[in-house]
Amino acid sequence: MSDDALVDFDRETFGHGGTEHPVHRSGSGPAVIVIAEIPGITPKVVEFARTVREEGFTVVLPHLFGVPGRDPNPPAHGWAGTVATGARAFGRVCVSREFSLFATGRTSPVVTWLRALAAHEHERCGGPGVGAVGMCLTGGFALAMATDERMLAPVLSQPSLPLTVIPGRKRGTDISADDLAVVRQRCVAGDLTVMGLRFRGDKLVSDERFDWLRAQLGDAFVAVELDDEDANPEGLLPPHSVLTEHLIDEPGTRTRAALDDVLELFRTRLLPGA
């Protein structure tokens, strides 16, 4: 792939609580917030957003780090460009107070802004509620956003926070005890379905983390777990990004089936009469 100019997306700015971030919007119908992974809104992330849009949704991509549309793979900008793209994005996350990289039991501050964005888009787009997809470092954000009753379809794709480089961080996600209690109650009441996706060999998303999610959310947690050999072998890194870099978008593949599971969740929860 090459850089994506996002010409079919409108660029706006959304502010809440003294914080502003650009957002890219496209489509019509109920809103789905697509929160990009490191290094940002890559062409593969945009491709996923377009797939969601074609199902009858408004896709909203908040720009939290990186360069929107920049291809991080070496054929686009060389290995030096790949390293620089990743380093700039991760550096932005590391120095920002909006992200909690290592703390268990803490909701990242940026989630407050994301909840406000989802509420704004629900009012704007209508429908029964809103969906969200978080990926990698943002994977757990979708869960923490579900304290708002308008969030009906949170998807945690390879939720990687807190980072497991520190012992004792394999269980749990980046959500506070109070927020988790609200989400758990919604699950018990049958108001919420939470989907999680990962490759079984992913060192950033352990067995223990998904076991913890099952224990906390019960039957409301739907786990989609893939073998490493299901991943696109052309991915730059080991199997990790289920819906983007390691997706094999062909009928009959396990990653395409996982993508279809996500789309079906959105259709069932967000499209009236589906």
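Modeller: Let us begin with strand β6. Because 7 of its 7 residues are buried, β6 is largely enclosed by the rest of the structure. Please bear in mind throughout that this is a predicted model.

Biologist: With which strands does β6 pair, and in which sense, parallel or antiparallel?

Modeller: β5 and β6 pair in the parallel sense over 6 bridges. Within that pairing, Ala132 has Pro154 of β6 as its bridge partner. β6 is also joined to strand β7, residues 194-199, by 3 bridges, and these two run parallel. There, Leu156 stands opposite Gly196 of β7.

Biologist: How should I think about the side chains along such a strand?

Modeller: In a regular strand, side chains alternate between the two faces of the sheet.

Biologist: Which strands are joined in the antiparallel sense?

Modeller: Strand β1, residues 10-16, and strand β2, residues 19-27, run antiparallel and are joined by 7 bridges. The bridge partner of Thr13 in β2 is Pro22. β1 and β2 form a hairpin with 2 residues between them, and Gly17 in the turn has a positive phi of about 60°. β2 also pairs with strand β4, residues 58-62, in the antiparallel sense, over 5 bridges. In that pair, Ser26 stands opposite Val59 of β4.

Biologist: How do I read the nonpolar core?

Modeller: The general idea is that in soluble globular proteins, nonpolar side chains tend to be buried together. In this model, the largest nonpolar core has 45 residues, and those with the most contacts inside it are Ile33, Met145 and Leu217. The elements that give two or more residues to this core are β3 (31-35), α2 (74-95), α3 (110-125), β5 (130-135), α4 (141-144), β6 (151-157), α5 (177-188) and α6 (207-217). The most comes from α3, with 7 residues. There is also a second, separate core of 35 residues, which includes Ile41, Val45, Ala258 and Leu265.

Biologist: Which residues are in contact with Ile33, leaving aside its neighbours within four places in sequence?

Modeller: Ile33 is in contact with Val60, Pro62, Leu117, Ala118, Glu121, Val130, Gly131, Ala132, Val133 and Met145.

Biologist: What does Thr173 touch, not counting residues up to four places away in sequence?

Modeller: Thr173 touches Gly105, Leu143, Leu161, Pro162, Arg209, Trp212 and Leu213. Thr173 lies in the loop between β6 and α5. At 1% relative accessibility it counts as buried, because the cut-off for that class is under 20%.

Biologist: How is a pocket to be read?

Modeller: Rolling a probe the size of a water molecule over the atoms shows where empty space is left. In this model, about 580 Å³ of space lies in the largest pocket. Of the 23 residues that line the largest pocket, those closest to its centre are Ile38, Pro39, Gly86, Leu237 and His240. The lining divides into 14 nonpolar, 7 polar and 2 charged residues.

Biologist: Finally, what should I look for in the backbone?

Modeller: Most residues other than glycine have a negative phi, and most peptide bonds are trans. Here, the peptide bond from Ile38 to Pro39 is cis, with omega near 15°. Pro39 is found in the loop between β3 and α1 (43-53).

Biologist: Which residues other than glycine have a positive phi, to take examples?

Modeller: One example is Cys136, whose phi is near 60°. Cys136 is placed in the loop between β5 and α4, and at 9% relative accessibility Cys136 counts as buried. Another example is Gln158, with phi near 40°. Gln158 is in the loop between β6 and α5, and Gln158 is buried, with a relative accessible area of 1%.

How values were computed
Residues are numbered from 1 along each chain as its sequence is written. This is a predicted model: local features need pLDDT of at least 70, side-chain atom pairs count only at pLDDT 80 or more; totals for chains, interfaces and linings use all residues. Side-chain values use heavy atoms; hydrogens and water are left out. A nonpolar core is a set of buried Ala, Val, Leu, Ile, Met, Phe, Trp, Tyr and Cys residues joined through side-chain atoms within 4.5 Å. Buried means under 20% relative accessible area, exposed over 50%, partly exposed in between (1.4 Å probe, protein chains only). Helices (H or I, at least four residues) and strands (E, at least two) are DSSP runs, numbered from the N terminus. Contact means heavy atoms within 4.5 Å. On a 1 Å grid over the protein atoms alone, a cavity is a set of points where a 1.4 Å probe fits but cannot get out, and a pocket is an open set with protein on both sides within 12 Å along at least five of seven lines; lining residues have an atom within 4 Å of a point. Grid points are joined across faces, edges and corners, and a volume is the space filled by probe spheres set on the points. Ala, Val, Leu, Ile, Met, Phe, Trp, Tyr, Cys and Pro count as nonpolar, Asp, Glu, Lys and Arg as charged, and the others, Gly among them, as polar. Two strands pair if DSSP finds at least two bridges between them.
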